[in-house]
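This briefing is meant for someone meeting the structure for the first time. Please look over the sequence and the model before reading on.

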Amino acid sequence: MKTTIKNIFSTILLLSVSSTFAQIVKGHVNNTDNISLESANVIISGTKINTTTDKNGDFDIDSQGKFPLTLLVQYSGHKTERVQVAAFPSTPLNIILIEDNKLAEVVISSRRRIEKAQNVPIPISVVSGKQAEQAGAFNVNRIKELIPSVQLYSSNPRNTGINIRSLGSPFGLTNDGIDPGVGFYIDGVYYARPAITTLDFIDVSQIEVLRGPQGTLFGKNTTSGAFNITTRRPSFTPSADFEVSYGNYSFLQAKASITGALGKKVAGRLSFSGTQRDGLIDNVATGKATNTLNNQGIRGQLLYTPSENTNVLFSADITTQRPDGYAQVLAGVAPTQRAAYRQFNAIIADLGYQLPSTNAFDRKIDHDTPWRSGQDIGGVSLNVDTKIGQGTLTSTTAWRFSTWDPSNDRDFTGLQVLAKSQNPNRHTQFTQEVRYAGEISSKLTGVGGIFFIDQEVKTKGTEESGSAQWRFSQSTTSSKWATPGLFEGYGIKTNANIHSVSAAVFGQLDWEITEGLHILPGVRYNFDKKDADYARTTYGGLQTNDPELIALKKLVYTDQSFAKNTDATDFSGNLTVSYKASDKINAYATYAKSYKPVGVNVAGLPTVNGQPALDLAVIKPEKVNHFEVGAKTSPFNNAILNLTLFNTDIKDYQTNVQAAELGVNRGYLANADKVRVRGAELDASFVINSHFTVNGAATYSDGKYIKFTNAPLPLEETGKTENGVQVAYKDVSGSSLPGVSKWAGSLGGEYTTEAKFFGNLGKFFVALDSYARSEFSSSPSASKYLIVQGYAIFNGRLGFRAAEGLSVSVWGRNLLNKDYYEQLLPAGGNAGHYAGVLGDQRTYGITLKYSL
């Protein structure tokens, strides 16, 4: 049956078929200590042809002349090895099996060459595609549970921020006017907008997370780190993987990947992923559950190898998301310093409204505006690698797009306060990177390149008042606020556009002065230019000539337009000194001067005397000074223990500020004078014996505003006056940065043992993972009402997995059904009520995987 199925897929992919006459493949199998292994199983993948090694570790197997083929080599207590054989080998194969009770050496490519992670003087965490699959981490939001230095906050795919070491994106709503501080790369292509992080992974091979500024190795400058994700490339050896998962809340996820040769020099891979799930929050007004999952993605790749020195990879992908979400649940009400009639509870009492529940974890809403979070993301790329001299010249060309079609209920109630709140947009980007990486001499290696990106975001938004708007906006005791129809249908149409261009030259050297002692200088020169146009016009509501009524309407929404353009250049770099004292200790120290480019506000500005505050339109670039020291150690066999200490100072920190004005519908950007984040990170992995493995990570972070005198008021201080004058800002110097937990950590372990399942040789496994973090502020200015309490969650799985054939696992997430918030955010207009992004309740299911 396997052979039949495999032949079907081979036909679909037009896989080449070699001649059928017998050819005997010879080989030798030993372990990492160079000891020959007797009675190791050798199987031709997808067939019943097999043999075993003799007492000298040698084997002969009849290929029947069918190439390419894959050999599965298995031996008790060792990891199964898949050996791809493209053509009949002229000499015997030499195959080395790694003992299961030895810690595998992780290999990375972040420095544009293949090397062991423990030898690289950069704090880096690596999650293999298999690890991510087994942990159910099918997107970045779940990867944070494995790497506690990563934080991701998402109130919907569009409003997503990803941070490393608590830095990267402003906390709160997305603003296209600034660049993210965390770089996100898939197969060398830079993804400019953080919405990509909410998509399901498709055919991922490895995820490398680099911490700290990265501007001399990667095309786009990043101030706090980078994700370097590689997917599985096409193979000339045919294979296929199919996976399906079922769970509670009607969870259904399917994945498939097929690869093989399309000719002597061309191979292809086609991959698919789809995820669906019913809602986790009940809307009592509609009788339907909301916050569903509905994602589909497909990715195709063609690999062309015109010569042994050149590879050409063409990739294309498209992903669609059509969830009924992401609804936030009203989490509480803060008493403000506004007059009593302007407090939330007084407002809803006057309107005769009652909340469906005062406990957010009842997971009940009555929102009257439908939630919609439609997103399409896709693109094409061409990557060419050519070996020249002692290095590789790489060209990566890519075009990408994303569209966002939302609908939100930003008052978080069943009242018609905001009847519409939606800002659909389209983002396009073109990137080109050319770099050379290789050996300059026996003691000197390096990487250098140029990078260019041109991107544009166009937004056409609508925000419209409903029948209850008058009471929430009422700021005087005038009876005219209640004029029938005054605000109903009254809103703003927004047209915003930002076009940005960035170009850079970058490079880094690695000079081995003496054995084990390396100096690594890196430099970068960057040019950034941004052009922004913003215009909003009011419409609707009661048409009147009454100047008092017109004045009331203008207190809610006003026309606003402005155009700004700005450009800047910057020179930055870093210097690292590393010393590998022995095979067990590699120590390093780094200083980096980095930056985040100049920004532009493109979501409305606060007004002064009815006019936009144009001095807030341009956001100064961040200036970063970063120090860190670290040691990567192997204190004993089969153990890794890495420690990093870091200190990051940022001048003119770019932060998101929530305006009290309703018309500034997405908040606005501002600069904090200076912030500082310092901390420590610990990563550990241990193989206790052939059955037990343990891994863990912990991070301590102390993030503070050193100086921020013009911060927004905390929610509870809204309406504050001094000497009868309204206070607009607060000095929050010395307070904590938003989103920063003092402590965060992950701990996991797995037990495995040899087993057979439906005739397949593999391993039975039981695993438990945990993730925890302490409390953190969920507001740019710390509010006692917007503190997310610390929490811990536990995930588990058990089952059987095999290199080929059927694997099965039963899994559960949030096993203890912990109630926790991922984020808290105030409602528009600051009436005192705030909503929560809820963590998922307990989920569980089963996954079946079949590999050919």
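Predicted model: local features only at pLDDT ≥ 70, side-chain atom pairs only at ≥ 80, totals over all residues.

Residues are numbered from 1 along each chain as its sequence is written, and side-chain values use heavy atoms, with hydrogens and water left out.

**How strands are named and paired**

- Strands here are DSSP runs (E, at least two residues) numbered from the N terminus, and two of them pair if DSSP finds at least two bridges between them.
- Strands of a sheet pair through backbone hydrogen bonds, either parallel or antiparallel.

- Another open sheet has 3 strands in the order β24-β54-β53, and the pairing is antiparallel.
- β24 (329-333) and β53 (821-826) stand at the edges with a single partner strand each, so one side of each is left without a neighbour in the sheet.
- The twist in this sheet averages 35° from one strand to the next.
- β53 is joined to strand β54 (residues 833-838) by 5 bridges, the two strands running antiparallel, and the bridge partner of Y821 in β54 is L838.

**Strands around β30**

- Strand β28 (residues 418-422) runs antiparallel to strand β30 (residues 444-465) and is joined to it by 4 bridges; K420 stands opposite E464 in β30.
- Strand β29 (residues 425-441) and β30 pair in the antiparallel sense over 16 bridges, and these two strands form a hairpin with 2 residues between them.
- Within β30, V447 is the bridge partner of A437.
- β30 is also joined by 21 bridges to strand β31 (residues 491-514), again in antiparallel fashion, and in β31 the bridge partner of G461 is T494.

- The chain is divided into domain 1 (24-99) and domain 2 (239-851), with bounds that come from an automatic or database domain assignment.
- The centres of domain 1 and domain 2, taken over C-alpha atoms, are separated by 46 Å.
- In contact (heavy atoms within 4.5 Å) are 9 residues of domain 1 and 5 residues of domain 2.
- About 570 Å² is buried between domain 1 and domain 2, with carbon and sulfur atoms giving 50% of that area; buried area is the accessible area (1.4 Å probe) that two parts lose on being put together, summed over both.
- Between domain 1 and domain 2 the count is 0 salt bridges.

**Salt bridges**

- A salt bridge is a side-chain nitrogen of Lys or Arg within 4 Å of a carboxyl oxygen of Asp or Glu, and by this rule the count comes to 38 salt bridges.
- E681 forms a salt bridge with R165, the closest N and O atoms being 2.8 Å apart.
- That pair links distant parts of the chain, 516 residues apart, with E681 in strand β41 (residues 668-687) and R165 in the loop between β12 (160-164) and β13 (182-186).

Definitions and conventions: Axes fitted to C-alpha atoms, helices over the stretch in contact; angles between N-to-C directions.
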